[in-house]
Amino acid sequence: MDFELSEEQRAVKEKAAQFAEKYIKPRALEIDKTGEFPVDIFKKLGEEGFMKIPFSEEWGGAGGDTLSYMLAVEEIAKACASTGLSYAASISLGISPIYNFGTKEQKEKWLPDLISGKKLASFGLTEVMAGSDASGTETTAVLENGEYVINGQKRYITNASYASVILVTAITGETANGRKRISGILVPTDTPGVTIKSDYDKMGVRGSDTAEINLEDVRVPAENLLGGKEDGYKFFMQTLDAGRISIGANSLGVASAAFESSLDYSKKRNQFGNSLSKFQAIQFKLADMAMEIELARNMVHKAAWLKDQGKPFAKEASFAKLFASETAVRAGNEAIQIHGGYGYMRENGVERHLRDAKLLVIGEGTSEIQRIVIAKHLGC
Ligand SMILES: Cc1cc2nc3c(=O)[nH]c(=O)nc-3n(C[C@H](O)[C@H](O)[C@H](O)COP(=O)(O)OP(=O)(O)OC[C@H]3O[C@@H](n4cnc5c(N)ncnc54)[C@H](O)[C@@H]3O)c2cc1C
């Protein structure tokens, strides 16, 4: 067993850390305060090749592995969780389903601009009746004269306001046993009938765009059916399995930021004639934070490694997402406690970690859903 990163992986981690320190971290408080999506940062992430990392050279990618991509997500999320979430969503949920399941024509049409970072893509699964239970989808797509006519509404969709294409789930018919047949359809956002609105006032990840999408008699060519196959529901589920590793990596970034700021503050702040770091009650909090982050990182890296080896990884992706996101919530909470009143004040950027972490135990399958997934793998 080898716990060392390869030379390429170390180089990606270092480049991401330097980029995040220079371009993202100085903007993190402002992004959180204004809730504005940092368009310029995303342009630069594209220019610097961060969108390319896990894709093959054949499609303009960098030919990196999943672990390299996770290292970049962690560094970016450590500087700013909003940017980390939107970055991971654009790769894991936006580009990956087209890359993994698209037809040759779909790949040729969309991948070059997405992988080079010129455009963004979104993943539109969630609806009012389709949250944890994605089979509750009510959006419909009816085939008429070589076109799908789509009607429905999606909510809470990351990056949609800035995306050029959204992969949506829609009912395209019935299965042999009378169930809804849910498929994936690529909808360019400039198609007539598509309306996108992002006026949610979110608790955290405030600079990550989250939008509501209205689809009214939207007509797209039948060729936009993802992979050219009905029943694309399984494509969505497999996309989420991989996406969960990236939520684990986001969580590592948030937890590490909370921990590092707590360790630093505890050494500088004196009370009762000693630095806080000399009090055992504070030491125990820091020790637990450090241990849980280390464990979460091992889980994220193992899930990424399994995926790169072509081995089953869905259970380990759920382990990683569940444990890392709950670690981030605990770390965010303890960070406020360690900083005391200073941590409670928004202007100091400490309480932001807890608000950001809370999304990570909800998005891409809540903690409860991860436990259900794990239990299914255990044969329950
Ligand atoms: C900021 C943000 C960004 C998002 N981005 C995207 C995106 O890009 N694309 C997309 O499609 N979706 C996105 N989502 C949606 C997200 O995936 C859903 O919010 C999430 O899956 C939960 O669904 P829900 O909100 O409908 O909650 P519900 O499903 O209503 O769940 C409510 C509560 O009930 C629990 N629960 C539900 N079912 C069970 C069960 N069987 N057993 C035990 N407990 C259960 C849940 O765990 C949760 O605690 C985003 C959400 C947010 C907040």
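How many residues of domain 1 are in contact with how many residues of domain 2? In this structure, 25 residues of domain 1 are in contact with 22 residues of domain 2, where contact means heavy atoms within 4.5 Å. The structure is a predicted model, in which local features need pLDDT of at least 70 and side-chain atom pairs count only at pLDDT 80 or more, while totals for chains, interfaces and linings use all residues. Residues are numbered from 1 along each chain as its sequence is written, and side-chain values use heavy atoms, with hydrogens and water left out.

**Domains of the chain**

- The domain assignment divides the chain into domain 1 (7-120), domain 2 (122-232) and domain 3 (234-377); such bounds come from an automatic or database domain assignment.
- Between the C-alpha centres of domain 1 and domain 2 the distance is 23 Å.

- The size of an interface is often given as the accessible area lost when the parts come together.
- Domain 1 and domain 2 bury about 1900 Å² between them, with 64% of it on carbon and sulfur atoms; buried area is the accessible area (1.4 Å probe) that two parts lose on being put together, summed over both.
- On the side of domain 1 that touches domain 2, the elements giving two or more residues are α2 (28-34), α5 (81-101) and α6 (104-115). Helices (H or I, at least four residues) and strands (E, at least two) are DSSP runs, numbered from the N terminus.
- Of these elements, α5 gives the most to that side, with 11 residues.
- There are zero salt bridges between domain 1 and domain 2, a salt bridge being a side-chain nitrogen of Lys or Arg within 4 Å of a carboxyl oxygen of Asp or Glu.

**Domains listed in the UniProt record**

- UniProt positions follow the numbering used here, feature names are shortened, and annotations may be inferred rather than shown by experiment.
- An unreviewed UniProt entry lists "domain: Acyl-CoA dehydrogenase/oxidase N-terminal" at residues 6-118; this span is 72% helix and 0% strand, and its end C-alpha atoms lie 29 Å apart.
- The unreviewed entry places "domain: Acyl-CoA oxidase/dehydrogenase middle" at residues 122-218; here the chain is 0% helix and 54% strand, with end C-alpha atoms 17 Å apart.
- For residues 231-378, the unreviewed entry gives "domain: Acyl-CoA dehydrogenase/oxidase C-terminal"; the span is 79% helix and 3% strand, and its end C-alpha atoms are 26 Å apart.
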